Amino acid sequence: GSAEVLGRVNEAAARLTGLAVGTPVVGGGGDNACGAAGVGVIAPGEAAASWGTSGTVLAPTAEPRVDPRLRAHTFCHVAPNTWYVIGVVLSAGGAFAWYREQLGNESADRLVEEAARIPPGAEGVTFLPYLQGERTPHRDASLRAAFLGLSLAHTRAHLTRAVLEGVSFALRDCVEIIKGLGIAPEVLLLTGGGAKSPFVRRLQADVFGLPVATVNREEGPAYGAALLAMVGAGVFPNLQSAARRTLARGASLAPDSEVHRTYQPIYERFHAALGAARPPVA
């Protein structure tokens with residue numbers, strides 16, 4: 001019967017792998033999908049923005065939704081019958097790390113503290129964070145980073161503010177594509193470097209025009225894979241229960257509507273500067 005066949009398959013697998021018969025084997029997932037699971041972004045209506053070396057904005061959906069211009073990507077999630085749309089910015093935390101390195105690895109806290117004293121828009125300075133080209137939304141490996149609008153009146157603090165705003169604007173491009181597909185997250189969960197500083201959390205809320213929140217885990221994809229293993233081993237009945245029992249979110253931070261409106265023409269200025277990132281025509 002089928003039980004006998006399954007038993008023989010299990011014994012053969014045990015011999016080939018060296019694992020004991022009966023060892024649970026659980027399907028995992030890619031880094032972004034497991035990272036979302038690791039902070040509890042599993043169901044439609046949720047979304048996460050991550051600042052690693054690259055940056056991502058990920059939103060689960062109940063059915064596959066595809067950006068017709070392929071600026072964002074659609075994949076299966078690690079939860080059953082769930083997909084997600086993701087936008088990817090190639091230089092997010094990586095852009096800030098590069099900037100810090102050029103300043104002799106100045107303290108990140110000190111740089112952010114200086115930037116917080118500069119008004120939105122960095123008094124005319126714009127940073128395009130395309131140090132490695134860009135995926136979302138441009139899909140162009142030839143793009144390069146640039147500072148624009150500099151004058152003798154500007155300081156290091158203006159440059160820092162422009163870098164943080166430039167990364168946030170690039171991530172907002174991802175948010176806008178997701179919203180354009182009819183996905184309306186109620187709150188954006190911040191993870192990675194963009195979640196550590198109160199100023200950067202506030203900056204993202206005001207640039208995106210969405211409430212933001214944090215979660216009490218920083219392990220990311222590894223923690224999501226561990227949750228999947230616990231579900232597969234029967235510790236929790238499903239991934240939603242595993243996340244609910246092991247994760248805690250902080251209070252959400254609402255955007256300042258007036259500051260969000262202030263950022264609109266600055267965000268448009270960021271887009272208008274794209275020509276400076278394109279290589280010269282030979």
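The points below go from the whole chain to single residues.

1. A word on the basis: this is a predicted model, where local features need pLDDT of at least 70 and side-chain atom pairs count only at pLDDT 80 or more, while totals for chains, interfaces and linings use all residues. Residues are numbered from 1 along each chain as its sequence is written, and side-chain values use heavy atoms, with hydrogens and water left out.

2. Overall, the protein has nine helices and eight strands; these are DSSP runs numbered from the N terminus (helices H or I, at least four residues; strands E, at least two). Its C-alpha trace spans about 80 × 50 × 40 Å along the principal axes. Of the contacts (heavy atoms within 4.5 Å) with a separation of 6 or more, 73% are between residues 24 or more positions apart.

3. On burial, 44% of the 282 residues are buried, meaning under 20% relative accessible area with a 1.4 Å probe, protein chains only. The protein exposes about 13,600 Å², with 55% of that supplied by carbon and sulfur atoms; the areas come from the Shrake-Rupley method with a 1.4 Å probe.

4. The largest nonpolar core has 55 residues, and Val57, Leu164 and Leu188 have the most contacts inside it. Such a core is a set of buried Ala, Val, Leu, Ile, Met, Phe, Trp, Tyr and Cys residues joined through side-chain atoms within 4.5 Å. Helix H5 (residues 156–180) gives the most to this core, 12 residues. Apart from it lies another core of 25 residues, including Val39, Ile42, Val215 and Ala243.

5. Do look at Leu164: beyond its neighbours within four places in sequence, Leu164 is in contact with Trp51, Phe96, Val112, Ala115, Phe199, Val200 and Leu203.

6. Helix H8 (residues 239–246) has Leu239, Ser241, Ala242, Ala243 and Thr246 as its buried residues, and these pack against helix H2 (31–38) and helix H7 (221–232). At the start of H8, a side-chain oxygen of Asn238 comes within 3.3 Å of the backbone nitrogen of Gln240.

7. Is Asp140 buried or exposed? Asp140 has a relative accessible area of 19%, so this residue counts as buried. Asp140 is found in the loop between strand S5 (126–128) and strand S6 (146–148). Not counting residues up to four places away in sequence, Asp140 touches Gly133, Glu134 and Arg278.

Key. Buried means under 20% relative accessible area, exposed over 50%, partly exposed in between (1.4 Å probe, protein chains only). A polar contact is a pair of N or O atoms within 3.5 Å; within protein, one must be able to donate a hydrogen and the other to accept it, and residues adjacent in sequence count only if both atoms are side-chain atoms.
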